[in-house]
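Me: I want to go through the labels attached to this model and see what each one rests on. Take them one at a time, please.

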Amino acid sequence: MHRKVTIEPFRIKTVEPIKLSTAEERRVWLQKAHYNPFLLTSDQVIIDLLTDSGTSAMSTEQWAGIMRGDESYAGARSWQRMEAEIKDLTGFPYILPTHQGRAAEHLLYSKLGGPGKVFIANTHFDTTRANIEFSGAKAIDCPVEAALHPEEELPFKGNMDIPSLLKTIDRYGAENIGAIILTVTNNSGGGQPVSMENARQIAEIAGEKGILFILDACRIAENAYFIKQREAGFENKSYREIAREMFRLADGAIMSAKKDALVNMGGFLALKDLDLALQCRTSLIITEGYSTYGGLSGRDMEAIAIGLREVFDPHYLEYRIRSTTYVGDKLHEMGVPIIRPVGGHAVYIDAKSFYPHIPPEQFPGQALACKLYEVAGIRACEIGSVMFGHYEEDGTFVPAAMELVRLAIPRRVYTQSHMDYVTEAFRELLDEREKVRGFRITYEPPFLRHFTAHFEHV
Ligand code: F0G
């Protein structure tokens with residue numbers, strides 16, 4: 001390979017047409033979707049950066065695996081392959097297959113949670129928080145301070161803040177902590193990586209205090225890339241070795257296979273403790289499926305087993321992270337305010353700085369996501385006050401900590417010219433900054449309102 005140029009390390013064998021559209025068409029569609037990009041149909045979108053979850057392109061080997069899938073109810077060959085692959089990677093003896101990450105979260109956190117229990121994470125992802133709170137327990141985030149400062153360039157802004165972790169344990173009592181959860185990379189904290197040193201410190205504290213330590217490992221290969229590049233002592237280890245080392249610090253792991261297992265559906269729960277595994281297995285059989293398929297078809301399990309190997313290929317990982325960085329660096333050079341340094345799976349735009357004239361209660365992130373769609377047909381996701389803001393009973397507005405728009409990049413799906421199209425769209429957005437107005441909500445459901453809320457221009 002040429003030393004300075006990173007290329008997509010694959011050829012394209014099957015193509016999926018993109019339906020192109022005009023700005024005029026998109027204005028009408030967006031209005032009909034009540035200015036909520038979640039309510040658009042995929043045909044109305046040119047480049048879909050809503051999520052990197054379940055949107056990967058599978059490889060020829062994975063598609064071949066789909067044909068080999070064994071659909072037996074019990075003890076399928078495909079299950080044996082998936083189980084063996086996960087055991088080898090994680091080192092955990094008990095593996096429970098689920099249809100996606102949140103199903104694994106539900107199995108585990110409904111057992112460990114309940115009223116009076118507290119969970120501590122670097123940042124809880126929204127389904128993690130929802131599963132914990134649904135059980136009656138409390139979810140507390142302890143990110144490092146730098147995570148709240150988009151411009152601050154630090155290597156591991158996904159880390160958990162150890163002093164706040166210790167303080168929180170003291171405050172609630174170790175016996176009331178359901179688990180410490182380390183999410184790698186830290187999705188809700190800007191896709192930022194977590195260092196091995198941070199995981200080690202957490203493992204030590206959890207061990208001392210007898211608290212369960214769970215890894216949310218859905219982007220662990222991307223996290224391993226950053227450790228190898230940025231953390232002393234890991235230069236000569238393979239990405240897979242780094243991931244294995246991190247798994248071995250924890251007592252269990254949850255993984256949404258829709259990210260770093262390079263598949264469109266799937267997940268698992270992996271545990272060290274037999275008793276806990278048996279309890280979760282009972283719920284698994286009641287809610288997901290028998291213990292050798294969970295919520296999955298045999299062919300899905302085959303594709304997961306293959307994807308979990310492919311994702312650690314150094315050429316793939318280099319291409320993956322470099323292509324995200326490519327988008328982030330270009331936007332940064334153009335003067336678009338983003339979370340720095342660029343994370344693994346997405347570029348996060350600081351909409352509060354982009355539209356300083358739109359106050360948080362008028363949702364600058366929603367305004368940016370809508371404008372991006374109108375101008376270029378690019379769909380992105382607001383992660384700000386639409387998602388996390390609320391009103392107190394006395395009518396005061398409590399905004400989210402940050403007003404972000406996430407450009408999540410699907411794995412192996414878009415080419416560099418697609419990404420150039422994305423960055424070019426921002427030139428137009430930059431030129432028309434002052435003209436853009438905020439939004440007010442006209443309809444919202446009681447939970448997770450960002451998915452279905454309706455908006456109108458202020
Ligand atoms: N944990 C993290 C860190 C996640 O990012 C996700 C999903 C889940 C758990 C839940 O997994 O979707 O398979 O049930 N994140 C997606 C996203 C939805 O767009 O970031 P799931």
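Reply: A salt bridge here is a side-chain nitrogen of Lys or Arg within 4 Å of a carboxyl oxygen of Asp or Glu. The model is a predicted one.

Me: What makes arginine 129 and aspartate 141 a salt bridge?

Reply: Their closest N and O atoms are 3.2 Å apart. The cut-off is 4 Å, so the pair of arginine 129 and aspartate 141 qualifies. Arginine 129 sits in helix α5 (residues 126-134) and aspartate 141 in strand β4 (residues 138-141), 12 residues apart, and the pair links distant parts of the chain.

Me: Why is arginine 129 called partly exposed?

Reply: Buried means under 20% relative accessible area and exposed means over 50%, with partly exposed in between. Arginine 129 has 23%, and aspartate 141 has 30%. Both values fall between the two limits, so arginine 129 and aspartate 141 are both partly exposed.

Me: How do you know that lysine 87 and glutamate 83 are about one helical turn apart?

Reply: Lysine 87 and glutamate 83 are four residues apart in helix α3 (residues 77-90), and therefore about one helical turn separates them. They also form a salt bridge, with the closest N and O atoms 3.6 Å apart, which is within the 4 Å limit. Lysine 87 is partly exposed at 34% relative accessibility.

Me: Why is the pair of aspartate 329 and arginine 340 said to tie parts together?

Reply: Their side chains meet in a salt bridge at 3.0 Å, N to O. Aspartate 329 lies in helix α12 and arginine 340 in the loop between α12 and β9, so the pair ties together parts that are 11 residues apart in sequence.

Me: How many salt bridges does the structure hold, and what makes some of them a network?

Reply: The structure holds 33. Salt bridges that share partners join Asp52, Arg219, Glu222, Asp260, Arg320 and Arg411 into one network.

Me: What makes the phi of histidine 34 worth a remark?

Reply: Phi of histidine 34 is near 55°, a positive value in a residue other than glycine. Arginine 412 also is not a glycine and has a positive phi of about 65°.

Me: Are histidine 34 and arginine 412 buried or partly exposed?

Reply: Histidine 34 has a relative accessible area of 33% and is partly exposed. Arginine 412 has 14% and is buried, because 14% is under 20%.

Me: How do you know that tyrosine 290 can belong to a surface patch?

Reply: Patch residues need over 30% relative accessible area. Tyrosine 290 has 31%, so it passes that limit. Tyr73, Ile285 and Tyr290 make a nonpolar surface patch of about 310 Å².

Key:
Residues numbered from 1 in each chain as written. Predicted model: local features only at pLDDT ≥ 70, side-chain atom pairs only at ≥ 80, totals over all residues. Heavy atoms only, no water. Patch = residues over 30% accessible without salt bridge, like charges linked within 9 Å, V, L, I, M, F, W, Y side chains within 5 Å. Areas by Shrake-Rupley, 256 points an atom, 1.4 Å probe, with all protein chains shown as cover. Buried < 20%, exposed > 50% of the residue type's maximum accessible area, 1.4 Å probe, protein only. Helix = DSSP H or I, 4+ residues; strand = E, 2+ residues; numbered from the N terminus.
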